[in-house]
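Dear colleague,

Please find below the sequence and structure that I am handing over to you. A summary of the findings follows them.

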Amino acid sequence: MLALMLRDTCSTGDRTLMSIGVKSPRCHWEWLLPVSLGLLAIPGFGESDAGHDDDRAQPQIHEEIIVYGRAQHHIGAATSASEGVVGYADYHLPPLLRVGELVEAVPGMVATQHSGTGKANQYFLRGFNLDHGTDFAVHLDGVPINMRSHGHGQGYLDLNFIIPELVQTAVYRKGVHHAEKGDFSSAGSVDFSYYERLPEPFAELALGQHGYVRGVAGGSTDIGDGVLTGAVDKTLYRGPWRLDEDLAQSKFFLGYGLWFGSTRAHVALHGYTGRWNATDQIPRRVVRAGLVPRTGYIDPDLGGDTGRLGVVARLEGEGWRAGAYRLDYDLTLFSNFTYQLDDPVLGDEFEQRDRRTMSGAWVGAERNIRLAGQPVLLRWGVEARRDDIHEVGLYGTQARVRHRVLRQDRLEEDSVGAYGELSVYATDRVRATLGLRADYYDWEATGLGEAYRVAGDDSLTSPKFGVAYRILDGLEAYANWGRGFHSNDARVGPDTDGAAAGIGGVDLLSSSEGAEIGLRFEPTASFNATLVGFHLRLDSELVYVGDAGSTEPSDGSVRRGLEMAGFWQARDWLTVNAAFARSNAELETGDEVAGAVGATGNVGVNALLGRGFHVSVNARFLGEAPLSDDGSIRSDPSWLSHAGIGWHGRRAEFGVDVFNLFDSSDDDIAYSYHSRLPGEPADGVLDTHFHPLEPRTVRLRLGVRLR
């Protein structure tokens, strides 16, 4: 079955993503709900299609192939040294504490959390504190996930709806050098892809400390001329905090794909709901005074709930692709960062609300042509998006009850982007890439609580250039330059009539300009490494404002840094991957960028021990960061390690995962700002507010699978 899976699903473009063959990978079967059992009860569920009857008749293969996305070699195809592929065993062997850690497979990327599990993570890459998204773009099967003009923060990137077991591969790119990448992609981007046919039906139950229960099940079956794939996922979690997190997440996915001649059609339905209580960051002074423990809280009424229901349809033919999507989304979030600083009587708790419908479409193509006798790859695409935001609001609350309207708006934001790219193969060793991207945005904001109406538009053109030179068969050098952008919240767009509504002051589209040079070293099939130096300038930095609970435009900024990453299959049963990044970030005024981490690193080891056993250990490092513009206040660095051991047989498997292996008491995230508790000065106290790493926790996984 796995050999069949590799033949059917382990290719991207013309490249096969297989590493050296060893024992079989982790392919779960998981028990969950009556819905799951109903899924698995479908006749023929998980079987191969009729065209593979001969394959099914072959004897079972016990020495199967492990597929590591990181093992793929890119010399001769990549346009930069900072792009790559992860997936397959890269995701399904290491233990995963939270869904947001999927992006940590990107070299140099770190995901943290400063609030409840149901809220979007905090991301760090290339000297950016990316807050909950800002300059890092993520797509799933072509659909953008970042939210524009969001109630909590621009570019809000919530990955909690993803079912990790369905992720097949992720293609990552960094910098502003890729014409197909637009909004929010200045630091980088990831394109996740779900399996269209799961290798095997699976069901798994995970139980852990602090009331952790998760059940997930899924599989694929042939229906008519196509393949139906479904999965459900339910998680309950009390959490290690003094305040019961009471997390409840429910997810489902249903997709159907089939061929029409040479055209592949696929339609999918995604659903997600989440509810949680939050222990947000707390002031260091109350812990030092012994008033609140590290896992304690100040306001017991924080948390939120969110939901999304989306449908996406895709068509793909020989050299072309198209798709369309529609998403209904809502979020209600309660926060309190300053306690009684602004309102000593009712407190500073506030509610952020975002309710929208998002729809869009894309079309793209590529073809090989000849210009001046030279072979050229032409790629182009057009994408359109509409965010119909029915309500984006900010309300003063006490114990989650509204007592005043701070802001309440309705927004309509439309965009169209188009790009073209030429890859010229000048010689066998030299490739050049020329790209151009154009984006147009149109928006209208209307006050719901206070009558006003403002509208505007903005456009931007972004050229790109790159050259690759193959020095040796296993060594390639790259140089890239380009312009990119992020959009600002439409409520801060320039319009003289909007001053009374708190609107105006900055352009909607803020450009960035970057360059990088790099080397890619691939001497053997079992080793690859990259070295990249980068420079990036932003016209406007998006900065998180703690007492407002949102991101706001600030001065321009400049970043410089160095990145190293590598993958090594030391033995046919042992792999090691590692990455380290060092960067410097400062505002154009000369001040430091608050929250910009100077160094990140990660290392992972996977070992297949025989007789179905495997071990995985990984660790990540998050360096110190300035918490003030002058750098006088700084966060402490942190280390976090996870480890897991598992076993699988033909139908059953189990595993034990240990998160925060060494029970580190480091901070997961830290900020510096003024807050006020009862009895403190009216102008508050400047203090570091932190959220600790989750204490060491153990989880047991029990699964079954069908072949």
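Surface patches are made here of residues with over 30% relative accessible area and no salt bridge, like charges being joined within 9 Å and nonpolar side chains (Val, Leu, Ile, Met, Phe, Trp, Tyr) within 5 Å. Lys and Arg count as positive and Asp and Glu as negative, while His and the chain ends are not counted; a charge is placed at NZ of Lys, CZ of Arg, CG of Asp or CD of Glu. Accessible areas come from the Shrake-Rupley method with a 1.4 Å probe, and for residues only the protein chains shown count as cover. A salt bridge is a side-chain nitrogen of Lys or Arg within 4 Å of a carboxyl oxygen of Asp or Glu.

The model is predicted, so local features need pLDDT of at least 70 and side-chain atom pairs count only at pLDDT 80 or more, whereas totals for chains, interfaces and linings use all residues. Residues are numbered from 1 along each chain as its sequence is written, and side-chain values use heavy atoms, with hydrogens and water left out.

Surface patches

A patch of negative charge on the surface is formed by Asp555, Glu588, Asp591, Asp629 and Asp630. Aspartate 630 is placed in the loop between strand E32 (613–622) and strand E33 (638–648); helices (H or I, at least four residues) and strands (E, at least two) are DSSP runs numbered from the N terminus. Aspartate 630 counts as exposed because its relative accessibility is 57% (buried means under 20% relative accessible area, exposed over 50%, partly exposed in between, with a 1.4 Å probe and protein chains only).

Asp555 is also one of the contacts of aspartate 539, which, leaving aside neighbours within four places in sequence, touches Ser510, Ser511 and Gly556 as well (contact means heavy atoms within 4.5 Å). Aspartate 539 lies in the loop between strand E26 (527–538) and strand E27 (542–545) and is partly exposed, at 39% relative accessible area.

A nonpolar surface patch consists of Tyr469, Ile471, Leu472, Leu519, Leu531, Leu562, Met564 and Phe580, with about 680 Å² of accessible area together. Strand E23 (453–472) and strand E29 (557–571) each supply at least two of its residues, and E23 gives the most, with three. Tyrosine 469 is in strand E23 and is partly exposed, at 41%.

Salt bridges

The whole structure holds 54 salt bridges. In one of them, glutamate 516 pairs with arginine 126, their closest N and O atoms being 3.0 Å apart. Glutamate 516 belongs to strand E25 (residues 509–524) and arginine 126 to the loop between strand E5 (122–125) and strand E6 (128–129), so the pair ties together parts 390 residues apart in sequence. Glutamate 516 is buried, at 3% relative accessible area, and arginine 126 is buried at 7%.

Aspartate 246 and arginine 275 also meet in a salt bridge (4.0 Å, N to O). Here aspartate 246 is partly exposed at 38%, and arginine 275 is partly exposed at 44%.

Arginine 385 and aspartate 387 form a salt bridge with closest N and O atoms 2.7 Å apart, and both residues are buried. A network of salt bridges links Arg173, Glu180, Lys181, Asp191, Glu366, Arg379 and Glu421.

The chain overall

The protein chain has five helices and 37 strands, and buried residues make up 60% of its 707 residues. Its accessible surface comes to about 26800 Å², 56% of which belongs to carbon and sulfur atoms.

With kind regards
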